[in-house]
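The following exercises are to be worked through with the sequence and the structure at hand. Each task is followed by a solution in steps.

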Amino acid sequence: MMSSSSYSGTEADPLTLVDKLVAYLPAFVLPDPATGPLSYEGATLWAAFEGFTALAESLAKTGREGVEVLTRVLNSYLSPLFKLVEQHEGLVVGFDGTSLQVFFPAGPVAALDRAEKAGQALIDISKSFVPVQTAEGRYSFQTRVGVAAGKLERLTVGSDIVGRVLVFHGPALEQANLAQESIAWGQLARVAVPSSQAVSGEDESLTAPKVLKNEDPLSVFSRLSPYLPRPLAQRLKSGANMTANNEFPRVVNIFVRLAGVNLSQPDFVAKLSEYYQAVQRICAELDGRVHDIIPLPAEEAVYLHLTFGALLSNNEDATHALRTALKIRNLPTPAGELPTLGVASGTVFSGSVGTNQHQSYIVLGEVVNLSARFARAAHEAEAPGTILVDRYTRERVGLAFLFGEDLGLDLPGRNYPVKVSHLLASRPTTGALPTFLREHPTGTNQTDHNLLNSVMQGQRRVHLSQDPGEVALIAQQWLQQGGQGATGGGMLNATNVPYLAWSGILGGLFGLSDTESRTEKAAKLSQAVALYAPSFTNLTGWLSQLVGLAQEEPGFRQRISGPQQPQFAELVLALLRGMADTRPVLLIFQDLQWSDEASLALLEQAVRDLSTSPLLFCLNTQGPPGPAIKLLADLPGMSS
C-alpha cells in the first residue's frame with residue numbers, strides 16, 4: 001500500500017523542487033494528474049473542524065504576530081492528524097482550513113474499517129489540543145467525522161495555460177460529508193456498506209510511482225505547476241521555502257453557484273472545464289483567480305470560489321471583483337441557467353499550511369463563508385442572475401456601479417440580518433460622441449448615401465440600424481456639420497435598471513469627462529440646467545444621481561420611473577429642447593434590444609413631443625429587433 005509521503009524527505013532533509021510540488025497534490029494522482037484512473041473504490045473520511053475560522057478572525061487584528069501564531073497552530077494541529085492518516089494507510093485528498101478529506105483505497109469493507117479507526121483516532125487526538133488564548137478570549141477546537149464507502153471520482157478541469165484544478169466527487173465523498181453534518185461535535189458517523197459492495201482487497205493501481213525521483217525537475221514543474229497558484233509555483237521554483245507569503249490580506253471573495261450540474265455526465269464535465277477556463281481568463285485580466293471548485297451533489301450544484309487580493313493584492317480589488325462578477329453572470333453556463341453570485345470582502349488568512357509531506361494553500365475567514373451563503377441565498381430566493389454584495393465591498397467601489405435595494409438576509413448562526421446590496425450593472429461611462437467614434441470605426445463605401453443624406457437632412461428623424469459603422473458615419477458627419485450629441489445604451493442582464501441608457505446620454509450632453517473632478521462635473525451639470533431648463537433647477541439632484549455624481553438614494557430609479565416619471569420626463573425634455581435650439585442634437589441609442597422599459601418610454605415621448613426641434617435619433621440594435629423596439633416602428637420620421 002502506498003504511503004502519501006513517498007515523494008518527500010524527512011522534516012530535516014533539504015527539500016527539492018519536486019518534493020515541494022508534490023506536497024500540494026494528492027499522492028495517488030501522481031506522476032501526472034491529467035492521466036490515470038478517474039474512479040477509485042474504497043472509503044472516504046470527511047473531518048470537519050470548528051474553531052480555526054474564529055481564531056483567524058481574532059488573530060487578524062494583531063498583524064504579523066497573528067500570522068505566525070495561526071500558522072504555528074494550524075501546522076501543529078495538522079501534523080499529528082496527517083500522521084494518523086498515514087498510519088491507517090489513508091491518502092489526503094484536500095484540506096481548506098475547515099475540513100479534511102481522506103481517501104482509503106482497497107475493497108470497501110477493509111477500507112471502511114480503516115477509515116472508521118482513523119476517524120475515531122482523529123477525534124481522540126483533537127480532544128488533547130489545548131485552547132489558544134488571544135486578546136479577545138480563549139479559542140478551542142472541535143472535530144466531527146463522517147466515513148462512507150463507495151466510489152471516489154476525480155476530474156481534471158482547465159488547461160496548462162490558464163491553470164488546472166482537481167475536483168473530487170462521488171458517492172463516498174458525498175455520503176461522508178452528509179454523515180458528519182448530521183452529528184454533534186466530537187462524534188463519528190459511519191455509513192453502512194451495501195452488501196453488493198462488501199469486497200475486500202487492495203487497489204494495485206495506487207502503487208507508488210517512482211519515476212518522479214529520476215525525472216528532470218523542470219519537466220515535473222511544467223506538468224504539476226498548473227495545479228498550484230501561479231505566484232506560489234514560481235516562488236517554489238525560485239528556491240523559496242514551502243509556503244506562500246502567509247499573511248492577513250484584505251481579500252474580495254466571490255462564490256459562483258452553478259445550478260443543475262451533474263458531474264457524473266461526461267458532457268457536463270467538458271462544459272464545466274470550458275466554463276472554468278473562461279472564468280479564469282476573466283479573473284486573470286482583473287488580477288484575480290479561481291481558488292477552488294466545490295461540487296455539492298446534494299444541491300445539484302457546483303460552486304466556484306474566486307479571490308481578489310490573495311497572493312497578489314491591488315488597490316482596485318473590489319472594483320475588479322464586481323466587474324468580474326458582472327462578466328461571469330453573462331457567460332453561458334454548463335446547464336444553461338443563470339448563476340447566482342455572492343461577494344464579500346474582508347480580512348482573511350491566506351497562505352500555505354501543513355507539513356513537508358502535505359501542504360495546502362488556503363483562504364480562511366468568515367467572509368469566505370459569507371460570500372458562499374450569499375450565493376446560496378440568491379438561489380433559494382429563486383433569483384437566477386442575482387449578485388449579492390456585502391456593504392463593505394459596496395462602500396469600497398464608490399459610485400462606479402449601480403445597485404438595487406438593500407436587503408437583510410437571515411443567515412444561520414447570525415443573531416441579526418446581514419445587509420447586502422443587489423449589484424445591477426456597471427455605471428455607464430459618459431456617452432460623448434468623440435469617444436463613440438474612437439470605439440466604433442465608420443462604415444464602408446457600401447453605405448447607402450441617399451439614405452444617409454436623407455437622415456442627415458432631417459427627413460428621417462428616427463433611424464434604426466443594425467450596423468454600428470453606419471451609425472458612426474452619421475455621428476462623424478454630424479459633428480463635422482457643427483452638431484452636438486451623446487450616446488447611451490442597454491446592457492445585457494440590466495434591463496431592470498430604469499433609465500440606464502439615459503445615464504450615459506445625459507452625461508455626454510452635459511460634456512462631463514471621466515478625467516474631471518466631481519466638482520468640475522457638478523459645475524457643468526448645474527450650468528446646463530440653469531441655461532437650458534431653468535424651471536427645473538430644484539431637480540438638479542436627480543440628474544446628479546443619474547449620471548453618478550452623487551450616491552443614489554434607496555429606490556431612486558424606481559421613483560423617477562414610477563410616481564415621479566412625468567416630472568422627470570418633463571425635466572429631460574426641457575433639457576433636450578433647450579440644447580437642440582442652440583445646436584442640433586444627435587442621440588445614439590446602442591444595443592436597444594437590451595434597453596429598459598423606462599428608457600424606451602422616454603425615448604418614444606421625446607420623439608413625439610419634440611417633433612419640431614432639430615433632434616435626430618439613431619437606434620442601433622444587434623440581431624432582429626425585439627418587441628420593445630417594434631413598438632417604436634410607427635414613430636414619425638422612422639426609417640430602417
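A residue is called buried when its relative accessible area is under 20%, exposed when it is over 50%, and partly exposed in between (1.4 Å probe, protein chains only). Helices (H or I, at least four residues) and strands (E, at least two) are DSSP runs, numbered from the N terminus. This is a predicted model, in which local features need pLDDT of at least 70 and side-chain atom pairs count only at pLDDT 80 or more, whereas totals for chains, interfaces and linings use all residues. Residues are numbered from 1 along each chain as its sequence is written, and side-chain values use heavy atoms, with hydrogens and water left out.

**Exercise 1. Describe helix H20 by its span and its buried residues.**

Step 1. The expected span of a helix is 1.5 Å times one less than its number of residues. H20 covers residues 565-582, 18 residues in total, and its first and last C-alpha atoms lie 26 Å apart, close to the expected 26 Å.

Step 2. The buried residues of H20 include Phe568, Leu571, Val572, Leu575, Leu576 and Met579.

Step 3. An α-helix has 3.6 residues a turn, so residues three or four places apart point the same way.

**Exercise 2. Which helix gives the most to the lining of the second largest pocket?**

Step 1. On a 1 Å grid over the protein atoms alone, a pocket is an open set of points where a 1.4 Å probe fits, with protein on both sides within 12 Å along at least five of seven lines; lining residues have an atom within 4 Å of a point. The volume is the space filled by probe spheres set on the points, which are joined across faces, edges and corners.

Step 2. The second largest pocket holds about 1300 Å³ of space. It is lined by 50 residues, and those closest to its centre are Ser426, Arg427, Pro428, Thr429 and Met491.

Step 3. Helix H10 (317-329) gives the most to this lining, with 6 residues. In H10, 11 of the 13 residues are buried, among them Asp317, His320 and Arg329.

**Exercise 3. What surrounds Arg223?**

Step 1. Arg223 belongs to helix H7 (residues 217-224). With a relative accessible area of 19%, Arg223 is buried.

Step 2. Contact means heavy atoms within 4.5 Å. Leaving aside residues up to four places away in sequence, Arg223 touches Pro31, Asp32, Leu212 and Glu215.

Step 3. A polar atom of the Arg223 side chain lies 2.9 Å from the backbone oxygen of Pro31.

Step 4. Pro31 is placed in the loop between H1 and strand S1 (39-50). The peptide bond from Leu30 to Pro31 is cis, with omega near 10°.

**Exercise 4. Is Glu89 buried or partly exposed, and what is the value of its phi?**

Step 1. Glu89 lies in the loop between helix H3 (64-87) and strand S2 (91-95). At 30% relative accessibility, Glu89 is partly exposed.

Step 2. The phi of Glu89 is near 60°, a positive value in a residue other than glycine. Leu311, in the loop between strand S11 (301-308) and H10, also has a positive phi, of about 70°.

Step 3. Most residues other than glycine have a negative phi, and most peptide bonds are trans.

Conventions. A polar contact is a pair of N or O atoms within 3.5 Å; within protein, one must be able to donate a hydrogen and the other to accept it, and residues adjacent in sequence count only if both atoms are side-chain atoms.
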